[in-house]
Amino acid sequence: MDSEALTVLDFPVIAERLADATATSAGAELARALVPSADADEVARRQALTAEAIALLDQSVEPPLDGIRDVRESAAHAALGGVLTPEALTDVGLTIGGGLRARAALDEHAELAPLLAELADEIDPTLAPLAEGIGRRVEEDGSDLRDTASPRLRKLRAELREGRQRVADELRRLSRSPGLREHLQEDFVAQRGGRPVLAVKASARSRVPGIVHDASGSGQTLFVEPFQVVELVNRQSEAAGAEREEVVRILRELSTAVGERAPSLEALDEATAAIDLALACGTLSRRWRGSPVEVADKVRLLGARHPLLDPAAAVPIDLDLGSLRALVISGPNTGGKTVALKTLGLAALLHQSGLRPPAVTAALPVFDEVLADIGDQQSIEMSLSTFSGHIRNLVAILGSATGRSLVLVDELASGTDPVEGSALAQALLAQLAGQARLTIVTTHYPELKEWASATAGAVNAATGLDPETHAPLYRVALGRPGTSHALQTAERLGLDESVVVDARSRVAPERLRIAELLAEAESAERAALEEREAAERERTEVREVGERAREREAELGAEIEKVRASAAKERELAVAEAARDLAAARAELQELREEIRVARRRQREAGRAAPTGVARAERDRDRSLGAASSRAARAEHALRALDRPLPLQGPLAVGDPVEAPAVGVRGTIAAIDGDEAEVVGTGGHRVRIALARLRPDSRSARPVDDAPAIRVLASASGDISDELDVRGQTGQEAREAVRSFVDAAALAGLPTVRVIHGRGTGVVRKAVRDELATHPLVSGHESDSADGATVVDLGV
């Protein structure tokens, strides 16, 4: 790729931002050296790596690259026999550990990022023992070897510590001894030439036997190493020399091991750098919301933004150019013409470098060259005017452009005579349109706009100003030329009105009319765009409202089903409880009946002259039996009173009575249209409602198994008495009362009842017993209470 084009399109700034996003020094080096590729296969490979990196970042499973250093130089030095410092060895160990962690992470997610995992396969897992050996023998911060690096080193360092302690103890003892203390300037121990010394007064030199190593500037103090510690210090120096030799031996041994694995270490660094670069491309692409690029012969960028502009302030542009060969962009200065050039050029460079350009939709060819002439090319040193500089660049572009090239020229053939410049611009653009894949130029020449309108494969595009604020819109409208608004801009910037009026009078009327027509077209297009955007917003709002309504309908449906399920469960529990109560009451009733039968049998066997106490006990049992029978009747009534579930229904059809309790609708289906039904209510009103919200009308629906062949229409009170008093009534009244009483008692399940009629004249007694004798529910009766009452057996 042309280096000048990369510079004017700000690609080095992108490369620097990419380097800032890397985690390793080798990765940053690759980022700064990155250039777009013209090979379609290489571009596809780079984009695939970026896509895998984005997938890992989206799931927060990107491989860790912390601790990795560029150790290629150290490994090469060690391979040549050099001895590495502890710090360099520590870097090697950390780099091996970081590389192995990255490989393990990518192996774990190989299905998500197979190409990155393939890169990680270059990291040799057999480097682990080397890292472990370095970690065991070198301090973690790389400052020195560990005492445990070898048994000899541990022994020598122990001797050094002990020797230093002995020397220090001996010097403290001497400095505090009465014979020497008065001859010392200071009582502390100093160092001179690596030897421990005492500060002795010059006048007392003979009082302190030893070796003089130094004297103070005034000559009043001598620094003397007492003879008592000379031998101790000499042995200390010998141990220190042996310790240094052992350290060098261990460092050489470790360095040799590193040198033997230099190729593997170089491969590790290169693999982790490539992985780091891919992750940085993914990070940057996600940051500016880049879009995958469809590789095609057409050029299509929708919602494209320059990646170096603030995303919140940048105005997206649309460049749907298809198979066009030339595009002429015109419009006012600072209107966004140059930004449009750079946005397209940089999008192509980003794509071919492995990054995703910031756009909503992107389709681009793989260009073999991106050639650009943007900015002022004036140079005093090279004796180039603005026009000369442009022409020199255009000559180079014409010499390099091919059928796969993208050419971007800002202000084509400007900076010279307008008539000759416009003619030259048309000739140059005609040549480039036939020679390059796509040529985009900006211009203020009307003749060049006319050329674009009249030439096949070429088209105009316009940038404009806001008609109210006169501020640049930074939008590119395809299909029409733009106006420069030079006079309007000059007037807005404060140029004297008379000068502007004079200038306008000097413009040919047809030119003014063309500018007015273009401005009117621009205004109409902007109004249409605003209306379209408003309609699109309304459609979006309607769609969102519909989606919310459907979601709410689904929620209500789920709530209804939940309530139905809860009601069915509660009904099942109520039915079970009522059934248990009924079963218990029936069991109790059966037991009492059995007791009564047994008691009566015994009474008949014992004779009719039963004691009064026995009769009272029998009446108590009769009452208990009646109470149990009442409980059973109530339980059975409660069981029957429970709502039975509606039968399963087929699909709703026209004519079905339905209801929608949630919205208070009840009526008959008049028509069905798709998922909706038209329901006619009782008042004749009609309403459309979703079929999913309707169900059969519970008032008109009846369980299919609730239609018996014979229906008994009767009712029984749960508190029927087992005794009837008809004294004082006529015979006929007594018969009717007894008949109704026996019917009610039998329905209530009472086994026996007692009718009190008194003795009197016997008319009522006879009427009662005649009725009992003919009643079909009476199985027998007998006198009671000295013939003033009759006990009736109902045979229940």
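Is Ala-413 buried or exposed, and what is the relative accessible area of Ala-413? In this predicted model, where local features need pLDDT of at least 70, side-chain atom pairs count only at pLDDT 80 or more, and totals for chains, interfaces and linings use all residues, Ala-413 is buried, with a relative accessible area of 2%. Residues are numbered from 1 along each chain as its sequence is written, and side-chain values use heavy atoms, with hydrogens and water left out. Buried here means under 20% relative accessible area, exposed over 50% and partly exposed in between, with a 1.4 Å probe and protein chains only.

Ala-413 lies in the loop between β11 (405–409) and α15 (418–435), and its phi, near 55 degrees, is a positive value in a residue other than glycine. A positive phi, of about 65 degrees, is also found at Asp-10, which is not a glycine and which lies in the loop between α1 (3–8) and α2 (11–20).

The protein has 22 helices and 23 strands, taken as DSSP runs numbered from the N terminus (helices H or I, at least four residues; strands E, at least two). Of its 796 residues, 41% are buried. Among contacts (heavy atoms within 4.5 Å) with a separation of 6 or more, 67% are accounted for by residues 24 or more positions apart.

When residues up to four places away in sequence are not counted, Leu-344 touches Val-299, Leu-301, Leu-319, Leu-364, Leu-406, Leu-438 and Ile-440.

Helix α4 (residues 40–58) packs with α13 at an angle of about 80 degrees, their axes being 7 Å apart; axes are lines fitted to C-alpha atoms, for helices over the stretch in contact, and angles run from 0 to 180 degrees between N-to-C directions. Helix α4 is therefore roughly perpendicular to α13, a term that covers angles of 65 to 115 degrees. Val-43, Arg-46 and Gln-47 of α4 meet Leu-350, His-351, Gln-352 and Ser-353 of α13 in this contact.

How values were computed:
Angles under 35 degrees count as roughly parallel, over 145 as roughly antiparallel, 65 to 115 as roughly perpendicular and the rest as oblique.
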